[in-house]
Amino acid sequence: MNQTQEFHHRIDDALHNDQLRRNFRSAMSGVMARRADQFPDDDQLQALREQAQTVRANSLVRQPELLERLEQKLTANGIQVHWAESAEQANTIIHGILKGADARSVVKGKSMVSEETELNHYLEQRGIEVIESDLGEYIIQLAKEPPSHIVMPAVHKNRFEVAELFRKFHPDIPYTDDVDELTQTAREILRTRFANADAGVSGVNFAVAETGTLCLVENEGNGRLSTTAPRLHIAITGVEKVVEKLSDVPPLLEILTKSATGQPITTYFNMISRPRQPDELDGPEAVHLVLLDNGRSRIRVDEELLDTLRCIRCGACINHCPVYVQLGGHAYGTVYPGPIGIALEPQRLGLDKAGTLTSACTMCGACGEVCPVKIPLPKLINRLRAEAVNKRRTTTPLTGRGSLRKPSEATIWKLWQQLNSHPRLYRLFTLAATRLRGLTPGKLGAWTRYRSAPKPGSRSLHELARQEGFSHE
Amino acid sequence: MPAPEKVYFFATCLIDLMYPRAGLAGMQLIKRAGVDVIFPQDQTCCGQPAFNSGYREEALAVARAQLACFKCDIPVVVPSGSCAGMIKHHWPELFEGEADEQQALDVAGRTYELTEFLVDVLDVRLSDLGTPTRIAIHTSCSARREMGVADRIQSLLAQLDKVEVLTQDREAECCGFGGTFAVKQADIAGAMVKDKTDALRATGAERVISQDCGCLMNIGGAFEHQGDGPATQHVAEFLLERTS
């Protein structure tokens, strides 16, 4: 099966799962309303977006220099920095650090970059026990599923489905489908794990070059526990997360939490700048940062595609996407779903692997409208569509270009071009279509599965305009 | 900008063939305000279908064929947010670096969506001659976001004192048309138009009015297929009908 057929199978499964679609509709409506409540003043929102965009865009332009400064500062602070070109390399490095510290169990905070490298799977295969400590991540770890959303990984499950999972994996705990009680149950289960784990693994939201600070945004306190309770902390993040100054962080943090979950601020905001010092009572003895490239530098050289890397992973584009709400995240079949996934994954994996995702977009623009760093998502998706069917452009970092070009489709567009660039031919065509409107087929393939077939008017507007005496020049 | 003496009217290929009465109504509304309407007979399509499908070379050839139609320095009025958006916002990208880039930028700079033109330039005053009715507005995504003119259709309809405008749930959500999306991702589009028609039907409106015939073809076609739902109509036709 090719990527397009596989995608259609997943779409078909999603669209036939009514429970799943109800879960997404309800969750997305809620999170959209909460975001809107955080931005009552559109002028202020636009000013904040401008500010956030500028910070991110400047950071990307200066990225090589900032990463160097970040490494120097972190090293001086006692945090060890590792560079990984690929997902495989990142996993090898992390496994090496764990092995070197004789760490056999890992408690993890939420990290999409670790999803990108499939770190859990890699470590488990090598005999290391990994437990996800974010509630949503814990739920999907039990269910053996990938995240369906980058901020709310278990959003596809409702509380009854979560209750069922808990009953299955913790039969000794009395059944409940009360959200607060379920959360309490998870909290108790995870508590002991924090205390006993040899190492904690986390992501990073912003890495500050000036001070060598790793910022981590979270709500459950699991991020703080994962990064402070075990004797070893390993952070992993994409190279694009670096920003220059500490003062760059507040606007990004504000627009991140408001855009993501509609919170003015998250319950926890962690700033990690060094391992435990001799006079300190807690904190890890060693802290490592793994900086992952995984195709990001390749994207960076293209002036237009570079915008993709501004992303601060808030998920607002996903929450507002009218296609995502119908399908949920799993249908995309990639780590990042929704608009940002459609823009990023074909760049990361190649158009021949993920280019078909670009078809799952109506160009409605809802994503671009809410993006806190003003990534022109529809424009990027349009560019990827063009690259997927055409190899002619000479400079591009994309792989798999032209792989979705179908001769039949290309021929149709050539005919369309001929018709629409020759006015006489066009008028002849509309004349025939209007005069023969009685012969318009009642079935028009996929269109008439959900709608009746449109019928041409009895006269084209070209004709009506002439009849009504409108001048033509 | 003061009202011009003359304007060009760009029909759009969809209106030309499928909804010519909507286009004619748009032209008549402008003419009634004392502005001459020129309809260049060599116009065809703005190029959007190919552009959105990734076939930029084909889109460029078709867009280029329109340039000769709109040479005079007068406004180009388009009865569609989506086609107006293509000309205004995507032609500059499409023609970038081409020999005729300046001409394309020139046309883009004087292109208006119809309701935008009626409100911003002509400042039309309407008096409602119809019987009381209840309608719902579906604003196309391109009119709303790309062109930023969602409030123009509202202000025009608000002038009609016997027309009650009802608001649908999730008003700003796409109807699922998306041009070739409706064919390439037919089942997703089907699910989306189902949600949209449910929301519109639930308002109890007698008619659904929009500034884009793409959405109307999708929504109206779905109502017809479902065998139940309000009528659908382009805003130009509705305005003309209520005021003459």
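In this briefing a residue is called buried when its relative accessible area is under 20%, exposed when that area is over 50%, and partly exposed in between (1.4 Å probe, protein chains only). By that rule A:R25 is buried, and so is B:D195. The structure is a predicted model, in which local features need pLDDT of at least 70 and side-chain atom pairs count only at pLDDT 80 or more, while totals for chains, interfaces and linings use all residues. Residues are numbered from 1 along each chain as its sequence is written, chains are lettered from A and ligands numbered from 1 in the order in which they are written, and side-chain values use heavy atoms, with hydrogens and water left out.

**Interface of chains A and B**

- The contact (heavy atoms within 4.5 Å) takes 68 residues from chain A and 69 residues from chain B.
- About 5,900 Å² is buried between the two chains, and carbon and sulfur atoms give 59% of that area. Buried area here is the accessible area (1.4 Å probe) that two parts lose on being put together, summed over both.
- Within chain B, the residues that lose the most area to chain A are B:L17, B:Q41 and B:Y55, together 13% of what that side buries.
- Between chain B and chain A there are 8 salt bridges, each being a side-chain nitrogen of Lys or Arg within 4 Å of a carboxyl oxygen of Asp or Glu.
- The rule for polar contacts finds 32 residue pairs across this interface, both residues at pLDDT 80 or more. A polar contact is a pair of N or O atoms within 3.5 Å; within protein, one must be able to donate a hydrogen and the other to accept it, and residues adjacent in sequence count only if both atoms are side-chain atoms.
- Helix α11 (residues 186–202) of chain B gives the most to the side of chain B that touches chain A, with 9 residues. Helices (H or I, at least four residues) and strands (E, at least two) are DSSP runs, numbered from the N terminus.
- By class, that side of chain B has 36 nonpolar, 18 polar and 15 charged residues. Ala, Val, Leu, Ile, Met, Phe, Trp, Tyr, Cys and Pro count as nonpolar, Asp, Glu, Lys and Arg as charged, and the others, Gly among them, as polar.

**Salt bridges between the chains**

- A:R25 pairs with B:D195 in a salt bridge whose closest N and O atoms are 2.8 Å apart. This pair runs from helix α2 (residues 18–38) of chain A to helix α11 of chain B.
- B:D187 pairs with A:R449, with the closest N and O atoms 2.6 Å apart. This pair runs from helix α11 of chain B to helix α22 (residues 447–450) of chain A.
- B:D187 is partly exposed at 25% relative accessibility, and A:R449 is partly exposed at 45%.
- The side chains of B:K184 and A:E409 also meet in a salt bridge (3.3 Å, N to O).

**Salt bridges within a chain**

- Over all chains, the whole structure has 54 salt bridges.
- In chain B, the side chains of B:D73 and B:R110 form one at 3.7 Å, N to O. B:D73 lies in the loop between α4 (56–67) and β3 (76–78) and B:R110 in the loop between α6 (101–109) and β4 (111–113), so the pair ties together parts that are 37 residues apart in sequence.
- B:D73 is exposed at 67% relative accessibility, whereas B:R110 is buried at 7%.
- In chain A, a network of salt bridges links A:R62, A:E65, A:R69, A:E244, A:K245 and A:D248.

- In α11 of chain B, 12 of the 17 residues are buried, including B:I188, B:M192, B:V193 and B:L200.
- Because 11 of its 13 residues are buried, α12(A) is largely enclosed by the rest of the structure.
- B:G204 follows α11(B) and has a positive phi, near 80°; A:G262 follows α12(A) and has a positive phi, near 70°.

**Surroundings of B:S210**

- B:S210 belongs to strand β7 (residues 207–210) of chain B and is buried at 0% relative accessibility.
- The side chains of B:S210 and B:Q211 are joined by a polar contact of 3.5 Å.
- A polar atom of the B:S210 side chain lies 3.0 Å from the backbone nitrogen of B:D212.
- Beyond its neighbours within four places in sequence, B:S210 is in contact with residues including B:H138, B:I153, B:C215 and B:H234.
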